[in-house]
Amino acid sequence: MQEGGWSREVTVRELAVSKSMAGVDMRLTAGGIRELHWHTAAEWAIMLYGNARITAIDADGKSFVTDITEGDLWYFPTGIPHSIQGLNPDGAEFLLVFDDGNFSEYETVLLTDWMAHTPHDVLSANFGASQQAMEKMPKREKFIFQAAVPGPLAADQKAAAGSRGASSQDFAFRTIQHAVTKRTKGGEVRIIDSSNFKVSTTIAAAVVTVHPRGIRELHWHPNADEWQYFISGTGRMTVFATGGRARTADFQAGDVGYIQKTLPHYIQNTGDTDLKFLEVFKSGFYQDLALSEWLSHTPPQLVMAHLGIDKATLDAMPKDEVVVMPE
Ligand code: MN
Ligand code: MN
């Protein structure tokens with residue numbers, strides 16, 4: 001908790017199973033800055049509330065500055081420096097997901113920390129500036145701090161681009177400009193991975209809404225562990241972990257869940273409002289298989305011999321992946 005905002009994190013230290021991803025929930029006031037920094041992990045983010053301005057430079061040193069609103073995403077690859085600043089009227093809350101469970105938001109390369117630990121004569125030689133001018137440098141890291149709300153976006157973009165021009169890479173995904181991937185009576189899903197969000201080469205995600213009485217169908221992911229964040233509503237998840245072992249737990253807004261690669265699971269909406277949650281994967285592409293599509297694309301006699309169900313029951317199963325039932 002600092003002037004300008006707060007953050008809280010869930011890493012492998014708090015949630016031992018979450019080896020491949022870690023998450024940070026962060027709130028910034030209008031004008032509040034998550035300072036210029038970078039880190040060893042790649043950063044994927046979704047805006048949960050409000051508005052923010054994000055900045056970066058790409059690997060060619062070209063600038064990227066844009067404004068992000070609720071539902072939008074961003075992605076910064078490893079080692080790419082960036083910042084986040086809350087905008088009017090009430091700043092922003094966002095969720096950061098890192099492609100390393102061991103990652104901590106408190107172990108990043110911060111501009112102020114770096115400068116505070118570099119001798120002023122070195123900085124003066126590096127910048128071609130007087131040592132006296134370096135005396136105003138911060139004595140310790142800032143991490144999050146309060147500043148004035150920035151002016152118009154276009155002016156910031158122009159100033160940052162200079163004569164070099166802006167980056168051709170888009171580090172942001174504007175959700176409103178993309179169609180929902182699948183909508184059923186039970187809910188909807190948006191799948192965002194490197195096929196529609198090009199820069200996001202190490203993180204894929206599904207934003208899932210389950211209406212009351214709906215169920216995120218029985219399924220599994222062949223390619224990656226699943227890191228979950230519950231945005232709103234209440235749900236109950238069961239994970240089947242082989243050998244006759246299973247675990248069921250209730251989740252509510254702000255909770256984090258984790259499912260190891262290939263383990264089957266389902267999520268029920270236990271409330272009377274929409275359940276909204278994120279499925280995040282350390283992978284450039286989203287992949288899942290549903291129980292229904294497996295059984296309906298296997299020879300019927302083989303399936304019926306296993307399950308003791310009749311042909312009519314088998315025929316009534318969805319042939320394609322539904323994601324959220326009912327269809
Ligand atoms: Mn970051
Ligand atoms: Mn899943």
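1. Start with Arg-213: at 77% relative accessibility it counts as exposed (over 50%; buried is under 20%, partly exposed in between, with a 1.4 Å probe and protein chains only). Arg-213 sits in the loop between β14 (204-210) and β15, strands being DSSP runs of E, at least two residues, numbered from the N terminus. Its phi is near 75°, positive in a residue other than glycine.

2. A word on what you're looking at: this is a predicted model, where local features need pLDDT of at least 70 and side-chain atom pairs pLDDT 80 or more, while totals for chains, interfaces and linings use all residues. Residues are numbered from 1 along each chain as its sequence is written, chains are lettered from A and ligands numbered from 1 in the order written, and side-chain values use heavy atoms, leaving out hydrogens and water.

3. Thr-262 also isn't a glycine, yet has a positive phi of about 80°. You'll find Thr-262 in the loop between β19 (256-259) and β20, and at 41% relative accessibility it counts as partly exposed.

4. Now the manganese ion (ligand 2). Its protein donors (N, O and S atoms within 2.8 Å of the metal, or 3.2 Å for Na, K and Ca; water is not among the atoms, so sites may look incomplete) are His-219 (NE2), His-221 (NE2), Glu-226 (OE) and His-265 (NE2), at 2.1 to 2.2 Å. His-221 lies in the loop between β15 (215-220) and β16 (226-232) and His-265 in strand β20 (residues 265-269), so the pair ties together parts 44 residues apart in sequence.

5. Check the cis peptide bonds too: one runs from Asn-88 to Pro-89, with omega near 0°, and another joins Met-325 and Pro-326.

Key: Helix = DSSP H or I, 4+ residues; strand = E, 2+ residues; numbered from the N terminus.
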